[in-house]
Amino acid sequence: TVRLGRKLIPGCRSYSLGNLCRELSIEIEQRHRAGGDAKATVKLFEELLRNDCNGEIHAMLKAKSREQHLPPNLPVHKVSNLPVGPGVYYFHNDKGKVIYVGKAKDLRKRVNSHFNNNKPGRQKQDFLRSIYNVSFKECGSELMAFILESIEIKRLWPLYNRSQKGFEQAYGMYIFEDGKGFKRLVVEKKKKYLHPLYTFNLLLEGQHLLKKLIADFNLCSRLCFIDTSEGPTIAEEYGLSSGQYNLRVDEAVDYLQNALPSFAVVEEINTAHRENGRGVILMEKGRFYGMGYLSENVLINQIDEVKPYLTPYPENGYIRGLIMQYATRFPTKRVQFS
């Protein structure tokens with residue numbers, strides 16, 4: 001009745017059952033009771049049939065018509081005009097606020113899939129009634145859509161998105177100088193206002209990397225909080241000054257930062273961005289830098305040649321993991337930088 005009411009009785013302030021019946025002077029006996037509402041709906045439907053001069057009801061009932069499955073407040077042309085390529089879509093409420101962000105390999109197909117299984121639960125129905133508009137951003141590839149979705153969820157914090165809102169890599173490797181002037185490495189839970197050398201999902205993952213640095217650069221496991229037993233530090237045992245020991249720590253940190261990979265994932269694109277030729281996602285020293293589109297005549301030999309064409313974005317561990325896994329899975333799309 002909501003969707004048909006908009007088409008057949010335009011100009012009403014609201015298309016709920018109660019308001020439509022008031023507009024048409026249809027009396028509802030025993031309001032909000034099954035019998036009373038059912039009788040009123042029959043009378044309303046009879047009125048809609050009388051106003052249907054262009055066969056709107058017949059068209060909606062066709063087997064190939066998906067209009068009856070759409071949310072009541074979402075205009076059908078907003079869905080039918082969606083492109084079929086990869087991208088990110090946004091559901092908006094009646095105030096224009098984004099309430100859900102999703103990614104898609106095929107935007108039109110994915111948006112329609114939200115409405116195919118119309119579960120009667122309150123949560124799903126509240127979600128559908130809240131959708132008044134859908135907008136989108138096309139992406140050059142499915143991977144770029146995955147990345148942009150994560151960025152947008154973090155930026156917009158939509159009401160109906162639950163995944164990725166709480167995803168943060170939990171541990172970081174930090175460096176600090178103690179009261180005696182010794183530089184110390186430590187892996188612990190991420191600090192809100194401190195910038196880690198690197199981040200990890202698991203404490204064990206961070207400790208494994210730290211143990212490798214200790215072995216490779218002859219660092220002190222006690223000064224790195226790996227060995228918590230009583231005993232002298234390496235500096236005390238061998239009579240090293242803080243300056244001598246700190247050189248080892250600096251070498252380990254330089255190695256860590258230089259060893260982190262810098263590369264681009266380059267993909268041929270087949271959407272509205274086709275005139276730009278290639279989609280590029282840049283990782284710089286193990287961190288996601290940004291992404292964008294390059295024409296075929298732009299060389300991808302050095303990072304500085306690529307950066308001017310890219311949009312920088314905030315990174316997180318989820319995005320890093322996506323790119324690393326994709327580059328491992330499709331090595332021919334990876335361009336390594338020295």
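Q: Let's start with Phe225: what does it count as in terms of accessibility?
A: Phe225 counts as partly exposed, at 37% relative accessibility. On this scale buried is under 20% relative accessible area, exposed is over 50%, and partly exposed is in between, using a 1.4 Å probe and protein chains only.

Q: Before we go on, what kind of model is this?
A: This is a predicted model, where local features need pLDDT of at least 70 and side-chain atom pairs count only at pLDDT 80 or more, while totals for chains, interfaces and linings use all residues. Residues are numbered from 1 along each chain as its sequence is written, and side-chain values use heavy atoms, with hydrogens and water left out.

Q: OK, where does Phe225 lie?
A: Phe225 is in the loop between H9 and H10. Helices (H or I, at least four residues) and strands (E, at least two) are DSSP runs, numbered from the N terminus.

Q: And what about the phi of Phe225?
A: Phi is positive there, about 65 degrees, although Phe225 is not a glycine.

Q: Which residues does Thr233 touch?
A: Setting aside neighbours within four places in sequence, Thr233 is in contact with Cys220, Arg222 and Leu223. Contact here means heavy atoms within 4.5 Å.

Q: So is Thr233 buried or exposed?
A: Thr233 counts as buried because its relative accessibility is 14%. Its place is in the loop between helix H9 (203-217) and helix H10 (234-238).

Q: Switching to Trp157, what's its phi like?
A: Phi of Trp157 is near 50 degrees, a positive value in a residue other than glycine. Trp157 is in the loop between helix H8 (142-156) and strand E4 (171-177), and is partly exposed with a relative accessible area of 46%.

Q: What about sheets: what order do the strands of the 5-stranded one take?
A: The order is E10-E9-E8-E7-E11, in an open sheet with antiparallel pairing. Two strands pair if DSSP finds at least two bridges between them. At the edges are strand E10 (310-312) and strand E11 (334-336), each pairing on one side only. From one strand to the next, the twist averages 25 degrees.

Q: How many bridges link E7 and E8?
A: Strand E7 (residues 263-268) and strand E8 (residues 278-284) pair over 6 bridges, in the antiparallel sense. Glu268 stands opposite Arg278 in E8.

Q: Which strands does H8 lie across?
A: H8 lies across E7, E8 and strand E9 (287-294), at about 125 degrees to E9. Axes are lines fitted to C-alpha atoms, for helices over the stretch in contact, and angles run from 0 to 180 degrees between N-to-C directions.

Q: And helix H13, what does it lie across?
A: Helix H13 (residues 317-329) lies across E7, E8, E9 and E11, running at about 70 degrees to E7.
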